[in-house]
Amino acid sequence: MERIRNWGGTAAEHDRDYPADGYLSGQVERLTRAVTVAAPAPLVYRWVCQLSVAPYSYDWLDNWGRRSPRTVTPGADRLRVGQRVMVFELTDVEPGRGFTGRSFPQAERLFGPLAGTYAVEPVDQRSCRLLCRLVLGRRRPFGRAWTGALAVGDLIMMRKQLLTLKHLAERDARSEAAG
């Protein structure tokens with residue numbers, strides 16, 4: 001179960017508090033997903049903001065078969081509080097660093113209460129860590145089983161999402177370095 005709770009994150013990253021950790025009360029499950037990206041943090045942040053345009057995971061499943069864009073959409077990085085991004089309504093935006101949201105009512109009816117933070121943390125001038133903290137609230141009557149199933153499903157989808165964003169940001173970083 002530990003690998004399901006923390007994919008790619010260091011122990012310190014998993015133990016650290018993120019803004020999403022404070023949005024739900026009661027019993028929760030904290031999931032951490034992270035990758036190192038060989039691209040500058042500002043470029044990776046631009047790609048993370050693309051989540052306002054498309055999900056970047058398994059498009060055949062969560063994007064109705066439409067392919068998530070492979071180029072940065074102008075203006076997608078101008079996120080604002082109250083904007084919907086995937087299953088979240090944004091509650092906090094830190095330009096260049098990340099954003100946090102809480103599930104909106106329709107998503108909550110399907111998945112239960114959720115909160116999430118996406119963060120881009122520089123390692124050096126040419127690389128960074130891309131992290132996502134997802135906090136799942138327990139639902140009744142099958143709270144533990146539902147949360148466990150949701151955590152497994154999230155791992156599959158989030159792993160694909162983060163690796164796709166990593167690939168696209170690294171591709172653009174190589175292109176900028178060559179050009």
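Predicted model: local features only at pLDDT ≥ 70, side-chain atom pairs only at ≥ 80, totals over all residues.
Let me start with arginine 46, which is partly exposed because its relative accessible area is 27%, where buried means under 20% relative accessible area, exposed over 50% and partly exposed in between, taken with a 1.4 Å probe and protein chains only. Residues are numbered from 1 along each chain as its sequence is written, and side-chain values use heavy atoms, with hydrogens and water left out.

Arginine 46 has a salt-bridge partner in aspartate 77, with the closest N and O atoms 3.5 Å apart; a salt bridge here is a side-chain nitrogen of Lys or Arg within 4 Å of a carboxyl oxygen of Asp or Glu. Since arginine 46 belongs to helix H3 (residues 41-49) and aspartate 77 to the loop between helix H4 (59-62) and strand S3 (84-85), the pair ties together parts that are 31 residues apart in sequence. Helices (H or I, at least four residues) and strands (E, at least two) are DSSP runs, numbered from the N terminus. Aspartate 77 is also partly exposed, at 27% relative accessible area.

Arginine 33 is buried at a relative accessible area of 1%, and aspartate 154 is buried at 13%. Arginine 30 forms a salt bridge with aspartate 21, where the closest N and O atoms are 3.4 Å apart; arginine 30 counts as partly exposed at 24% relative accessibility, whereas aspartate 21 counts as buried at 17%. Through shared partners, salt bridges join Asp17, Asp21, Arg30 and Arg133 into one network.

Now to strand S7, and which of its neighbours does it pair with in the antiparallel sense over 10 bridges? Strand S2 (residues 28-37) is such a partner, two strands being paired if DSSP finds at least two bridges between them, and within this pairing valine 35 has leucine 130 of S7 as its bridge partner. Strand S6 (residues 114-124) also runs antiparallel to S7, joined to it by 10 bridges, with leucine 114 partnered by leucine 136 of S7, and S6 and S7 form a hairpin with 2 residues between them.

In S7 (residues 127-137), 11 of the 11 residues are buried, so the strand is largely enclosed by the rest of the structure. In a regular strand the side chains alternate between the two faces of the sheet. Both faces of S7 are covered, with buried residues including Arg129 and Arg133 on one side and Cys128 and Cys132 on the other.

Finally, the aromatic rings. The structure holds 2 aromatic pairs, and in one of them the rings of tryptophan 47 and tyrosine 56 have centres 6.1 Å apart and planes at 85 degrees, so the pair is edge-to-face. For this, rings of Phe, Tyr and Trp (its six-membered ring) pair if their centres lie within 6.5 Å, and planes under 30 degrees apart count as stacked, over 60 as edge-to-face and the rest as tilted. Tryptophan 47 is buried at 0% relative accessible area, and tyrosine 56 is buried at 1%.
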